[in-house]
Amino acid sequence: MTIQWTIVATFLYAEIGVCVLLCAPFISARRWQKIFRSALLNWFVQRGNLYFNVLIAILLLLFGDAIREMFKYGSTPKVQGGQEAALYPQAEINLHMKLFRAQRNFYIAGFALFLFVVLRRLVTVISNTATLEAKSEAFEKQAKSATDAAQKLLEETEKLKKEGPGAENEVELEKLRDKVADKNKELEEAKDKLHHLEADLEAVKKQAKGVNTEYDRLLGEHSKLQAELEAAKGGEGDKKDD
């Protein structure tokens, strides 16, 4: 494997490692959000953004070159004199090796580009999940506070009723009723917002589950291709010995 494809394969393995780390259940979405917003990571992103874009452009070029080589060596090859390469076993083996390498490079570059898209989407999903969880917790606290205030006002109302009628008590009672009505309204609004946030959070979790499923499928395909690569290398070695 040449140096450029060794670098691409290393980049692919690094992407797989980051995907596994982001999907780890023992690290919460809020902790990841803190890491994403850290000053050190922001400094690194600002300084390395240009180099990273250049790397993606190089990956696209290598991906296109792998497709070109697949089409080049995929058709029935000819040798000098217009005769087919099948008449020359060594030439046929060399051409099949080049075709296999082109296919290997195609899968390596393709998976590297695809995992880059998956990683960006996964980071977005984790950030949205952390934001929704924070908002949901804030609205839960607000709803609990409104419930406690309403309960306290109801207790004061009952206490005034037991003390007996009076002009001052009636005025105070009316004020308490207004406060109870306001608190009940705030409570209903908080519950409604909490319900919407829970629905959004559930949708984000389902989306994250879909991303994890797709990543597991791609990882299985990568393992299968790696096994085929090792098997093909073994077959080429046997042919050379013969």
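This is a predicted model: local features need pLDDT of at least 70, side-chain atom pairs count only at pLDDT 80 or more; totals for chains, interfaces and linings use all residues.
**The whole chain**

The chain has 5 helices and 0 strands, and from the N terminus on the elements run α-α-α-α-α. Next, colour by relative accessibility: of the 242 residues in the chain, 28% are buried.

**The largest pocket**

Select Leu41, Phe44, Val45, Phe52 and Val123. These residues lie nearest the centre of the largest pocket, which has a lining of 21 residues. The volume of this pocket is about 990 Å³.

Helix 3 gives the largest share, 8 residues. Colouring the lining of the largest pocket by residue class separates 15 nonpolar residues from 4 polar and 2 charged ones.

**The second largest pocket**

Move on to Leu22, Ala29, Ile126, Ala208 and Asn212. Among the 18 residues that line the second largest pocket, these lie nearest its centre. Two or more lining residues come from each of helix 2, helix 4 and helix 5 (167-241). This second largest pocket has a volume of about 310 Å³. Its lining is made up of 12 nonpolar, 3 polar and 3 charged residues.

Phe44 and Val45 were already selected at the largest pocket, where both are among the residues nearest its centre.

Is Trp43 buried, partly exposed or exposed? Trp43 counts as partly exposed because its relative accessibility is 47%, and that class lies between the buried limit of under 20% and the exposed limit of over 50%.

**Leu197 in helix 5**

For the last stop, select Leu197, which is found in helix 5. With a relative accessibility of 9%, Leu197 counts as buried, since buried means under 20%. How far apart are Leu197 and Leu132 in sequence and in space? The two are separated by 65 residues in sequence, while their C-alpha atoms are 6.4 Å apart in space.

Terms used:
Residues are numbered from 1 along each chain as its sequence is written. Side-chain values use heavy atoms; hydrogens and water are left out. On a 1 Å grid over the protein atoms alone, a cavity is a set of points where a 1.4 Å probe fits but cannot get out, and a pocket is an open set with protein on both sides within 12 Å along at least five of seven lines; lining residues have an atom within 4 Å of a point. Grid points are joined across faces, edges and corners, and a volume is the space filled by probe spheres set on the points. Helices (H or I, at least four residues) and strands (E, at least two) are DSSP runs, numbered from the N terminus. Ala, Val, Leu, Ile, Met, Phe, Trp, Tyr, Cys and Pro count as nonpolar, Asp, Glu, Lys and Arg as charged, and the others, Gly among them, as polar. Buried means under 20% relative accessible area, exposed over 50%, partly exposed in between (1.4 Å probe, protein chains only).
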